[in-house]
Amino acid sequence: MASNLTKFIHSLDPRTLPRVLQIQSGIYFQGSIYEMFGNECCLPTGELIKVTGFKINKIIASICESNEDSQCSGRIELPLNFPGLCKIVADKTPYLSIEEITRKVSIGPTRLGHPCFYCNEDIKLANFTIKQGEQIMFNSVEEFNGTLTVNCGVVRDNQSHSFTLPLSQEGEFYECEDDHIYTLKEIVEWKIPKSRNRIVKFTNMLHTWDSSNPLPENFDGCLILAPIYEVQGVMKFRRDIVHILSDLDIEVIDVTDSYDISCFLQPLSMEDVFERTSKEFPMVAEVIEGPTGRQQPYNLLCPGKEIVIHKKYQAKRILASEIRSDSHKRHFLIPASYKGKFKRRPREFLTAYDLEIARSDKEQLHVVATKAFDSPHAELFSVSVGDQFLVQQHQTGEVIYQGRKKVIDVLACEQILSEAYKEVLLPMYMEGGFVEVIHDKRQYQLSELCKEFRLPFNVKVSVRDLSIEEDVLAAMPGLQLEEEITDSYLLISSAGDPVDSWEIPVYRLNMSVQLLSKSVAETVSSPTRTIVEEISEEQYYMVRRFENQALHPPPRPPKKPTTLESKPLLTLAERGVSDAPHAVKNLYVDTTKKLCSDQATAVSELQVSCQNDLVHWENEDDVTGTATLLDTSVIKGPINNMLLEEKHSYEYVDENVIENIRKKFQESTVQNKTYPLKKKKEETSKME
């Protein structure tokens with residue numbers, strides 16, 4: 001029985017693909033137009049199409065001004081990347097069986113793929129009873145002894161109980177209320193059931209309203225989302241992949257049982273090729289749909305090109321991001337074979353807890369304060385902008401809090417003064433700002449950085465990779481090496497030159513091939529050629545999601561006391577050397593068991609990146625001439641340079657400029673002093 005394409009795609013189960021469709025009522029465009037915006041728009045009656053996949057292309061939204069029951073006032077088209085966060089309105093129409101839920105609702109391994117339902121009556125299992133109205137979370141669909149079942153769970157008395165439900169289980173299952181917020185893209189990918197619409201309510205538009213926004217200004221109503229799909233398929237007498245929008249006005253009939261699917265083109269994605277067994281490699285393939293891009297080898301993978309796919313394997317990459325303050329960062333995957341050299345760049349730390357994580361046994365961490373901090377305890381140190389510290393160790397100390405002694409976590413540091421060091425204690429909850437001072441001028445290979453330092457780590461390319469035409473990393477003012485990941489790759493070469501081999505990613509390359517029945521002669525290939533791969537923002541978060549999903553969360557940093565009275569900020573002159581902590585009983589804590597690099601990496605994900613324009617040097621003369629600091633282990637004279645905060649950009653400045661700023665700062669507060677600084681210094685020397 002014929003049906004329109006929209007209705008057919010809405011009811012199509014992806015697990016039954018591929019399907020062969022025959023056009024019953026075609027559509028034509030006059031003139032020479034055959035495609036519009038990359039999509040087919042001319043399909044004659046009787047044409048056969050093998051549907052290989054479909055995905056949501058755009059969203060048509062009906063506007064409801066007040067609530068989901070009110071009358072819709074208009075329809076608009078929303079792109080998948082429409083900014084804003086929204087909540088789901090629970091579907092009031094019940095599902096009549098578990099099989100219907102699995103057929104229409106997306107169930108997957110991530111949080112987004114765990115829908116929750118409740119039944120309006122008790123469900124009695126062999127050794128378990130699900131109560132009426134009890135929330136059931138659907139976790140996965142698995143086959144057991146030839147029968148498909150759904151792994152489910154319920155929570156009772158803060159304890160989770162797992163069980164399975166057969167697809168044959170019937171009843172009225174209603175969608176539970178969902179308090180989570182989602183982006184429109186997440187809803188499109190996971191939360192729109194097949195053959196049903198989805199009602200959402202925006203909670204935050206993320207950007208201020210402007211004339212380009214399709215929604216009315218100050219919109220506070222609901223939207224009924226209806227997806228428009230892009231159908232991918234192949235035709236019987238064409239050697240390319242066609243793309244058809246599901247709202248095209250055509251009628252189709254499913255004739256899969258009447259035709260041999262093998263007579264059609266058999267396009268395979270890179271994921272399909274990777275799923276082949278290792279024994280099937282090497283193989284010869286023809287490119288049906290090639291990737292976009294001018295970079296090698298992508299510019300060689302044009303449609304019709306024959307390639308040899310030698311093998312599949314896992315390879316390591318370093319995930320790196322451009323250092324800049326705004327959100328438009330560029331992200332890269334750097335192979336271990338990258339031949340450029342790096343110099344270290346200063347890191348920025350937002351709390352004393354971050355200093356403890358970054359501390360290393362190989363070298364002492366030297367930082368400059370870029371934000372003032374007024375300590376709520378007399379036993380702890382108050383920080384001023386420009387103070388320099390050498391980070392020592394984590395320990396505990398006793399402070400007087402509301403007349404009682406209290407043990408808190410502190411970070412022991414040495415403050416660098418003009419001609420001396422002073423031991424100080426910083427609370428671990430301290431919310432300040434520190435920038436690292438780099439004394440190391442050495443140039444490192446990528447492998448050396450990963451071996452000697454804990455990621456994340458800031459660097460800049462000092463010597464570009466001469467083996468590649470255009471080194472995109474060399475143009476970056478700074479890079480943060482975030483973590484080492486493992487990804488899937490295929491080793492390919494041109495059929496005409498099988499020795500020249502390249503690595504291509506499996507999950508980020510939009511490319512289709514058809515396997516050819518040709519033998520491949522064994523060749524001794526030259527060293528594999530790799531590329532620095534630039535990835536999109538979406539791909540960046542997907543890489544991080546898959547890489548970190550098995551990591552345990554790091555320990556939370558200590559919280560700042562909330563009921564402490566604030567004290568006036570002390571100047572450097574008022575504090576002097578005599579402010580060394582007194583009446584503090586230090587309780588040393590063994591910190592030999594360091595936080596593992598995975599935890600440090602996870603912590604770095606939670607930090608807000610504010611590392612743009614950190615210490616930019618014009619040339620090497622500037623570095624060695626005006627920005628050289630003596631080794632902290634042998635400092636005996638004045639510190640020549642410091643860092644100042646100015647619009648989140650830090651530069652090395654002359655000592656005289658620093659002194660002038662400090663003098664003006666002291667003059668504004670010196671009238672509040674109760675006794676001369678000279679007397680304080682005399683008392684300090686007596687105490688020593």
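**Salt bridges and their surroundings**

Reply: This is a predicted model, and the structure holds 27 salt bridges.

Me: Why is the contact between the side chains of Asp91 and Arg196 called a salt bridge?

Reply: The N to O distance between Asp91 and Arg196 is 2.8 Å, and the cut-off is within 4 Å, so the pair counts as a salt bridge. Asp91 lies in the loop between β7 and β8, whereas Arg196 lies in the loop between α3 and β17, so this pair ties together parts that are 105 residues apart in sequence.

Me: What makes the contact between Glu100 and Arg196 a salt bridge?

Reply: For Glu100 and Arg196 the N to O distance is 3.6 Å, which is within 4 Å, and therefore this pair also meets the definition. Glu100 lies in helix α2 and Arg196 in the loop between α3 and β17, so the pair ties together parts that are 96 residues apart in sequence.

Me: How do you know whether Arg196 is buried or exposed?

Reply: Arg196 has a relative accessible area of 11%, and buried means under 20%, so Arg196 is buried. By the same cut-off, Glu100 is buried at 12%.

Me: What makes Arg508 and Glu533 a salt bridge, and are these residues buried or exposed?

Reply: Their closest N and O atoms are 2.7 Å apart, within the 4 Å cut-off, so the pair qualifies. Arg508, at 15% relative accessibility, and Glu533, at 8%, are both under 20% and therefore buried.

Notes
Residues numbered from 1 in each chain as written. Predicted model: local features only at pLDDT ≥ 70, side-chain atom pairs only at ≥ 80, totals over all residues. Heavy atoms only, no water. Helix = DSSP H or I, 4+ residues; strand = E, 2+ residues; numbered from the N terminus. Buried < 20%, exposed > 50% of the residue type's maximum accessible area, 1.4 Å probe, protein only.
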